[in-house]
Amino acid sequence: MINLRRVSRAYSTPAGTFTALREIDLHIGRGEFVAVVGKSGSGKSTLLNLLGGIDRPSAGALEIAGTPIQVMSENQLAKWRGAAVGIVFQFFQLLPTLSVIENVMLPMDFLRRRPVRERRSHALALLDRVGVADQADKLPAALSGGQQQRTALARALANEPPLLIADEPTGNLDSVTAAEILTLFRKLADAGTTVVIATHDRDILRLSDRALVLADGVLVPGQ
């Protein structure tokens, strides 16, 4: 599903070049649940940004489901990302002026893969799947943090992507809600979705198939 060959990512800063990732070799299979762990600044978020097509490698080759990300144009990348990747952010990133169900319908509206008449019912089914269908017509501000994260997960699944990535998805949740969210991720992986999560949460390590440890932009061998 995911193949990285000698992938590096460097940024220009006023102090000089900063290399966030160094020659990463990595394979992640379809339906695998992988936790990416490491200290702040280790390169976790950079790796997720590359997998999600938000950023591009400075060197090396990155393929997701056979698609070479580094050679795509911005327009191609945007279309690919909308269809192939669901992204769950730590701070939810829901649009405050749209209702919960409208937030979930938004990716469908952008990609236009599903007929207009089917989008609301599909969004409602996704909200039901994550346990917040009864909140569908409320604004995000009326929801708890856990309900907002469930909504963000439903939105990420709107176009049925084969890959789901999440950056510290339980960082702002209480322990009970976090456990429920992690169980949802586990079920998605069991159903065939590839799940990659950057985290400090040790409970994710217990539920994941394996952990990747990053330190100073390098994968720690033997993990």
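## Strand 3 and its neighbours

In this predicted model, strand 3 runs parallel to strand 9 (residues 210-215), and the two are joined by four bridges.

Strand 3 itself covers residues 33-37, and because five of its five residues are buried, the strand is largely enclosed by the rest of the structure. In a regular strand, side chains alternate between the two faces of the sheet. In strand 3, Phe 33, Ala 35 and Val 37 point one way while Val 34 and Val 36 point the other way, and all are buried.

The open sheet contains six strands in the order 6-7-8-3-9-10, and its pairing is mixed. Its edges are formed by strand 6 (85-88) and strand 10 (218-219), each of which pairs on one side only. Strand 10 runs antiparallel to strand 9, to which two bridges join it, and Val 218 in strand 10 is the bridge partner of Ala 215.

## Helices

Helix 5 (residues 145-156) packs on the sheet, where it touches strand 6 and strand 7, and its direction makes about 170° with that of strand 6. Helix 2 (residues 74-84) lies across strand 6 and strand 7 (163-167), running at about 75° to strand 6.

Helix 1 (residues 44-51) is mostly covered, with six of its eight residues buried, among them Leu 47, Leu 48, Leu 50 and Leu 51. Just after helix 1, Gly 53 adopts a positive phi of about 70°.

Technical notes:
Residues are numbered from 1 along each chain as its sequence is written. This is a predicted model: local features need pLDDT of at least 70, side-chain atom pairs count only at pLDDT 80 or more; totals for chains, interfaces and linings use all residues. Side-chain values use heavy atoms; hydrogens and water are left out. Buried means under 20% relative accessible area, exposed over 50%, partly exposed in between (1.4 Å probe, protein chains only). Two strands pair if DSSP finds at least two bridges between them. Contact means heavy atoms within 4.5 Å. Axes are lines fitted to C-alpha atoms, for helices over the stretch in contact, and angles run from 0 to 180 degrees between N-to-C directions.
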